[in-house]
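Here is a short briefing for a first look. Take in the sequence and the model, then read the points by topic.

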Amino acid sequence: MIQFNEEAMRQYQAILKRYPEKRPALIPVLILAQKEFGWISQEVAEYVGSLMGYPASDVLSVATFYTMLRKKPVGKYHMEICRNVSCWLMGTYPCVDEIKRRLGVEAEEITEDGKFSWNLTECLGSCGTAPAMQVGDRYYENLTPESVGEIIEKLAND
Amino acid sequence: MPKLTINGQEIEVEPGTTIIQAAQVAGIEIPHYCYHPDLPVDGNCRMCLVEVERMPKLAISCATLATEGMVVHTNNDRVKESVRGVLEFLLVNHPVDCPVCDQAGECRLQDYYMVYGLHTSEIPLEMKVRKQKVVDLGPMVVLDQERCVLCSRCIRFFDHVTHTGEMQFFGRGDHVAIGTFENRPLDNPYSGNVVDICPVGALTSRDFRFKCRVWFLNSTDSVCGGCSTGCSMRIDHRDGTVFRLLPRRNPEVNKSWLCDEGRMSFHELAAGERVRRPMIKGRDGMQAPVVWEEAVRSVDSKLKEIRDNHGAGSILGFASPSATNEALFLFKQYMAGQVGVTRFEFRADSEDKSVTEQEDNILRRVDKHPNSMGAIKLGLVSKEFGGIEGAIESAREGKLRAGVIIYFKPLVRRPTDEEAESRVAELIRAVEYSVVLAAHKTDWLAEASVVLPVTAWSEENGSYTNYQGRVQLARRAVTPAGDMRPVWQVFALLLAVSGADISWSTAADVFESLTETEPAYRGITYDEARLPGALVADI
Ligand code: SF4
Ligand code: SF4
Ligand code: FES
């Protein structure tokens, strides 16, 4: 059985305190769970439900509504590249080709070593520095196929 | 009280009434999927759009309150066109598998399509979003996700009625699918209700599906025989076979719900062999069939002989809490009025379970008989007696010599049933002379002096008094094969041979006598005993 560790538990308690009722805390708790466990598996949904006193079906319903709550495992570094107009015009797809060439996996697939996965995403709000990509909490901007290659190399050695 | 006009018809309604409800009062039907009178309003399907004058846009009638002076149109071109559009969207991904869908014939998609739709689909079949079909959701329900119109009635039922929350929508956009977590089975004793409230063929009954096309079924109004709650229900049957039981909406008793056990109780009735002919035990100790005439004459004279020799106190009248009010009334008329019996009992369950005790806080009650309250109100219990155990005791001591016993097996079974049944068997063994009116065969029936075959629940007209003291009518739906008679008729025959100067030809006649004679039932009419039923006096 999965479970929040002590630190995550502290964060969970802190999230609950932010809201007058429990229900609105569900989404931040799911985000926390995603950080802890990588993605919202059925097991995670059930755990969050039992923690907060909601049926597992209820939790999974919320999780499946929000695309940023992941229902599939991802690599250690999940690269999300913006495909909306500005980035697309400024060259998202040459960067995507470079990613595919280097990693050898399609969107939503994970590399064999478990380190990388990638996907296209909607607007990252970074049009001024397009094309942009998000990896975890970090933004990479003004991408070119070369800079993407460097980023991958750097992360691979991390 | 607000007065409003709907389609030119002026009506006055209670404050707090929504337009859809007001329209219903006025006899105007507004199409709807998500609205259900016994669930919280959700307003998600948009089928119930109506035009309200001076409102800029069409309004959903399920969530708009009727107010003073409102002028509503439910069927002008603007409304019809909008509803047609909503329906078209709902059908975009629908698989249109009506020929193999068990809901066909009672499907709101089919019905409304005929009235509002009649459009051709813009979406080729291969482009429709596919979802899971034939998902097993436990003993009562089978799910087809593709047929769902996402009305959320089932979700709201499990959220607000059973509070178990099993069903939910998963995903978003046109990939939203209804279901349970990991397709787990529905785990509550009321799950069958979602089959009734699902307006389409997404949730169908595991028990009923593919047994019969619904348009071949006949429906008969009845009352559940499964416990003392006495839910209003409808028996759907064809050619003498019961196919399913459905709730009739009764706001005073069961709203729109039935428990799963009650819903399935007709299988218990069909299970087991029936008693088909009157039998009398001969000198050799073996029972042999006789005609009714002979049976009732013999019973009447034998009972009176015992009374004359040993006093009326040596005879016990053992009624059944599953018999109708009419049956119990004539039983009492004969036993007390003609034979002079004063010792009555009706419970084979030793604990004195109170009729009103709840088994859960939704519908079910501990007492698994539909008419215990009737037996109580008719006074068929003698306090000083010590129940059936006391009766057995007094028979062993030789004080009790004869018993007239009505025995119906409970339609909703509990582990204690066998014990209760064995007490009845013991009683029969303990008395010298026993007359048993029974519907189903049991091993111990062979030990009775006389066995009289009677019709059971669903096979006769009659009324039942539920735990609230509410008298409700149940109609005969099917007729069993054999020489059975309703219990009331058996006692009507006995009353006739005994020389009573009153006769009854129908259950309705008996009901009339009952309401003239019995103080608790005084003044109740047959009409009042239909939905929602009439309350007996507190006597
Ligand atoms: S399964 Fe039926 S009741 Fe449930 S949301 Fe779908 S259409 Fe409504
Ligand atoms: S609660 Fe009782 S009366 Fe109602 S359906 Fe169930 S068994 Fe029948
Ligand atoms: S019935 Fe009104 S929106 Fe569904």
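Helices (H or I, at least four residues) and strands (E, at least two) are DSSP runs, and their numbering starts from the N terminus. The model is predicted.

**B:Pro519**
- B:Pro519 counts as exposed, because 11 C-beta neighbours lie inside 10 Å and the cut-off for exposed is 12 or fewer.
- B:Asp538 is 19 residues away from B:Pro519 along the chain. The C-alpha atoms of the two are separated by 9.4 Å.

**Chain B as a whole**
- Chain B has 539 residues, and 49% of them count as buried.
- Its secondary structure comes to 14 helices and 23 strands.
- The C-alpha trace of chain B spans about 90 × 50 × 35 Å along its principal axes.
- Take the contacts in chain B with a separation of 6 or more: 68% of them join residues 24 or more positions apart.

**Domains of chain B**
- The domain assignment gives domain 1 (3-89), domain 2 (123-216) and domain 3 (279-535).
- The centres of domain 1 and domain 2 of chain B, taken over C-alpha atoms, are 27 Å apart.
- Where these two domains touch, 8 residues of domain 1 are in contact with 9 residues of domain 2.
- On the domain 1 side, the touching residues divide into 5 nonpolar, 2 polar and 1 charged.

**Where chain A meets chain B**
- The contact involves 9 residues of chain A and 11 residues of chain B.
- Which helix of chain A gives the most to the side that touches chain B? Helix H4 (residues 56-65) does, with 7 residues.
- By class, that side of chain A has 4 nonpolar, 4 polar and 1 charged residues.

**Ligand 1**
- Ligand 1 is surrounded by 14 residues.
- The closest are B:Cys148, B:Cys151, B:Cys154, B:Cys198 and B:Ala202.
- The shell around ligand 1 holds 12 nonpolar, 1 polar and 1 charged residues.

**Ligand 2**
- Around ligand 2 there are 14 residues.
- B:Cys224, B:Gly226, B:Cys227, B:Cys231 and B:Gly262 come nearest.
- How does the shell around ligand 2 divide by class, and how many residues fall in each? There are 7 nonpolar, 5 polar and 2 charged residues.

Conventions
Residues are numbered from 1 along each chain as its sequence is written. Chains are lettered from A and ligands numbered from 1 in the order in which they are written. This is a predicted model: local features need pLDDT of at least 70, side-chain atom pairs count only at pLDDT 80 or more; totals for chains, interfaces and linings use all residues. A residue is near a molecule or strand if its C-beta atom, placed from the backbone, lies within 6 Å of it. Ala, Val, Leu, Ile, Met, Phe, Trp, Tyr, Cys and Pro count as nonpolar, Asp, Glu, Lys and Arg as charged, and the others, Gly among them, as polar. A residue is buried if 20 or more other C-beta atoms lie within 10 Å of its own, exposed if 12 or fewer, and partly exposed in between; C-beta atoms are placed from the backbone. Two residues are in contact if their C-beta atoms, placed from the backbone, lie within 7 Å. Domain bounds come from an automatic or database domain assignment.
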